[in-house]
Amino acid sequence: MTTRREPLAERRYRKQRLAATLRLFARSGFDHGAGGHVTARDPIEPDHFWINPFGMHFGHVRVADLLLVDESGTVVAGRGSVNPAGYAIHSHVHAARPDVVAAAHTHSTYGRAWSTLGRPLDPLTQDACAFYEDHSVYDGFEGVVLESQEAKHIADRLGDAKAVILRNHGLLTVGGSVQEAAWWFITMDRSCQVQLLAEAAGRPVPIRPDAARATAALMGTPGMGRLNFSPLYDDIIRAQPDLIEE
């Protein structure tokens with residue numbers, strides 16, 4: 001169950017968790033040069049979203065550094081520029097999915113490695129079951145996503161799922177809160193790692209469809225995404241309190 005806050009408080013809440021997500025992604029090694037972007041829909045102007053500045057290391061981003069972008073890609077609050085591919089992808093995802101508060105995409109190592117196979121994840125573990133029948137594969141790689149048409153195709157392929165594997169590119173996850181999108185990305189990348197290791201070692205045995213479906217009904221819920229993010233947030237705030245500077 002989510003808590004209702006007045007709009008300014010909700011904006012601050014989302015921005016704090018967005019900055020924390022970027023710090024956590026840096027700690028997890030998801031940063032890769034200037035690539036990668038995480039967004040949070042603004043609760044006051046829902047057709048706008050907050051995003052990390054282009055070219056700033058994830059591990060340095062504070063609440064004060066986040067940029068507010070309008071529907072045309074113009075920065076209307078904050079100082080800096082926006083990754084053109086980030087705007088293209090996220091603007092279409094947010095427009096196509098009014099239920100999505102946040103979206104995450106980075107060039108994580110295991111997500112990229114798995115994406116080259118062009119396959120959905122199998123339900124090999126309890127954690128991977130969170131994505132059972134709730135993710136898709138986009139197989140239309142045409143280079144860096146700068147064209148709005150390809151970004152629209154990605155949003156279409158995501159559909160109403162929580163994640164899409166972008167072939168030869170990486171992972172994209174979404175959620176009804178920043179916490180959900182962040183946790184789905186973290187655990188999906190780790191699930192890619194586990195399946196890569198398992199298949200390198202032998203022939204992994206998948207969980208039965210009925211058991212995978214039942215597990216997904218628990219592990220893949222919004223509440224479970226928020227719950228799993230909570231200790232990570234508490235830890236990064238204690239370790240790096242500067243991230244909430246406004």
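Me: Where do F229 and Y233 lie, and how many residues apart are they?
Reply: Both sit in helix α7, four residues apart, which is about one turn of the helix. Helices here are DSSP runs of H or I with at least four residues, strands are runs of E with at least two, and both are numbered from the N terminus. The model is predicted: local features need pLDDT of at least 70, side-chain atom pairs count only at pLDDT 80 or more, and totals for chains, interfaces and linings use all residues. Residues are numbered from 1 along each chain as its sequence is written, and side-chain values use heavy atoms, without hydrogens or water.

Me: Are F229 and Y233 buried or exposed?
Reply: Both are buried. Buried means under 20% relative accessible area, exposed over 50%, and partly exposed in between (1.4 Å probe, protein chains only).

Me: Why does Q16 count as buried?
Reply: Its relative accessible area is 17%, so Q16 is buried. Q16 belongs to helix α1 (residues 7-27). Leaving aside neighbours within four places in sequence, Q16 is in contact with V63, Y233, L243, I244 and E246. Contact means heavy atoms within 4.5 Å.

Me: And what makes N83 buried?
Reply: N83 has a relative accessible area of 11%, so the label is buried. N83 is in the loop between β4 (75-77) and α2 (84-96). Not counting residues up to four places away in sequence, N83 touches A34, G35, H37 and F54.

Me: What is S230 called, at 33% relative accessibility?
Reply: S230 counts as partly exposed. Its place is in helix α7.

Me: What makes E133 stand out in its phi?
Reply: Most residues other than glycine have a negative phi. E133 is not a glycine, yet has a positive phi of about 60 degrees. E133 is in the loop between α3 (109-115) and β6 (135-138). With a relative accessible area of 56%, E133 is exposed.

Me: What is the phi of N168?
Reply: N168 has a positive phi of about 60 degrees, although it is not a glycine. N168 lies in the loop between β7 (163-166) and β8 (170-175). At 38% relative accessible area, N168 is partly exposed.

Me: How many aromatic pairs does the search find?
Reply: A search of the whole structure finds six. One of them is F25 with F185, at 5.2 Å centre to centre and 35 degrees between the planes, and it is tilted.

Me: Why is a pair called tilted?
Reply: Rings of Phe, Tyr and Trp (its six-membered ring) pair if their centres lie within 6.5 Å; planes under 30 degrees apart are stacked, over 60 edge-to-face, and the rest tilted. F25 lies in helix α1 and F185 in helix α5, so this pair ties together parts 160 residues apart in sequence. F25 is buried, at 0% relative accessible area. F185 is also buried, at 0% relative accessibility. F229 and Y233 form a tilted pair too, at 6.1 Å centre to centre and 35 degrees between the planes.

Me: What does R17 lie over?
Reply: R17 lies over the face of Y13, 3.6 Å from the ring centre. R17 also lies over the face of Y233, at 4.2 Å from the ring centre. A charge sits over a ring if NZ of Lys or CZ of Arg is within 6 Å of the ring centre and within 35 degrees of the ring normal.

Me: How do you know how α5 and α7 are arranged, and at what angle do they cross?
Reply: The axes of α5 (residues 178-201) and α7 (residues 222-239) come within 8 Å and cross at roughly 80 degrees. That makes α5 roughly perpendicular to α7. Axes are lines fitted to C-alpha atoms, for helices over the stretch in contact, and angles run from 0 to 180 degrees between N-to-C directions. Under 35 degrees is roughly parallel, over 145 roughly antiparallel, 65 to 115 roughly perpendicular, and the rest oblique.

Me: What about α1 and α7?
Reply: Their axes come within 10 Å and cross at roughly 85 degrees. So α1 and α7 are roughly perpendicular to each other. The contact includes Q16, R17 and A20 of α1 and F229, L232 and Y233 of α7.
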